[in-house]
Amino acid sequence: MSKVAKKIVFVCTGNTCRSPMAEVLAKKMLASENLEIAVVSAGVAAGVNQSASRNAILAMEAEGLALEMHRTQLTTPELLKSATLILTMTQGHLSHVLSRCPTANAFTLAEYAGNGQDVSDPFGGNEEIYKACAAQIKSLLINCMDKLREDF
């Protein structure tokens with residue numbers, strides 16, 4: 001068995017909404033492309049061992065994906081240094097990542113997808129707002145797939 005050596009880390013604020021949704025959506029897409037890339041998520045201001053938000057869980061259920069077992073983790077220099085690629089939800093998250101790990105191969109998800117917009121934060125919103133955020137993330141990830149195939 002070959003060891004997976006490549007890793008993508010998705011980063012948002014609390015690691016309860018955007019980055020965990022990006023993580024499970026990316027895992028599904030990468031598996032369908034037979035790309036062996038480890039995928040994790042973390043937050044720049046995450047608590048430790050918290051669950052994903054209820055509406056993020058519901059938004060992913062609508063995609064046929066499970067987030068019930070997700071537990072939050074904080075971005076650490078060790079985690080960032082272990083990543084082959086770091087994709088953040090906003091420019092602010094990217095600045096934070098680069099301040100902690102200046103040599104990181106890091107971009108906003110939208111920038112990597114060829115689009116400059118931040119992924120809007122659904123925190124505190126209803127299920128429909130979370131589903132709209134999930135759709136935005138999914139669209140950006142679809143736009144990333146060719147680049148991921150090339151880069152990995």
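Contact here means heavy atoms within 4.5 Å. Helices (H or I, at least four residues) and strands (E, at least two) are DSSP runs, numbered from the N terminus. The model is predicted: local features need pLDDT of at least 70, side-chain atom pairs count only at pLDDT 80 or more, and totals for chains, interfaces and linings use all residues. Residues are numbered from 1 along each chain as its sequence is written, and side-chain values use heavy atoms, with hydrogens and water left out.

Helix α1 spans residues 18-32. Its 15 residues reach 21 Å from the first C-alpha to the last. This is close to the 21 Å expected at 1.5 Å a residue, where the expected span is 1.5 Å times one less than the number of residues. Burial was assigned from relative accessible area with a 1.4 Å probe, protein chains only: buried is under 20%, exposed over 50%, and partly exposed in between. Eleven of the 15 residues of α1 are buried, so the helix is largely enclosed by the rest of the structure. Among them are Arg18, Pro20, Glu23, Leu25 and Met29. The buried residues of α1 pack against β1, β2 (38-43), α2 (54-61), α4 and α6 (127-151). Just after α1, Asn34 adopts a positive phi of about 60 degrees.

Strand β3 (residues 85-88) is covered on both faces. Leu85 and Leu87 lie on one side, Ile86 and Thr88 on the other, and all are buried. In a regular strand the side chains alternate between the two faces of the sheet. Strands were taken to pair if DSSP finds at least two bridges between them. Strand β1 (residues 7-12) runs parallel to β3, joined by four bridges. Ile8 has Leu85 of β3 as its bridge partner. Strand β4 (residues 106-108) also pairs with β3 in the parallel sense, over three bridges. Here the bridge partner of Leu87 is Phe107. The chain passes from β3 through helix α4 (residues 91-100) to β4 in a right-handed β-α-β crossover. Right-handed means that, with the strands pointing away from the viewer, the path from the first strand over the helix to the second runs clockwise.

A disulfide was defined as a pair of cysteine sulfur atoms within 2.5 Å. The count by this rule is zero. For Cys101, the closest cysteine sulfur is that of Cys12, 18 Å away and too far for a bond. Cys133 is likewise in no disulfide; the nearest cysteine sulfur, in Cys17, lies 7.6 Å away. Cys101 counts as buried at 2% relative accessibility. Cys133 is also buried, at 2%.
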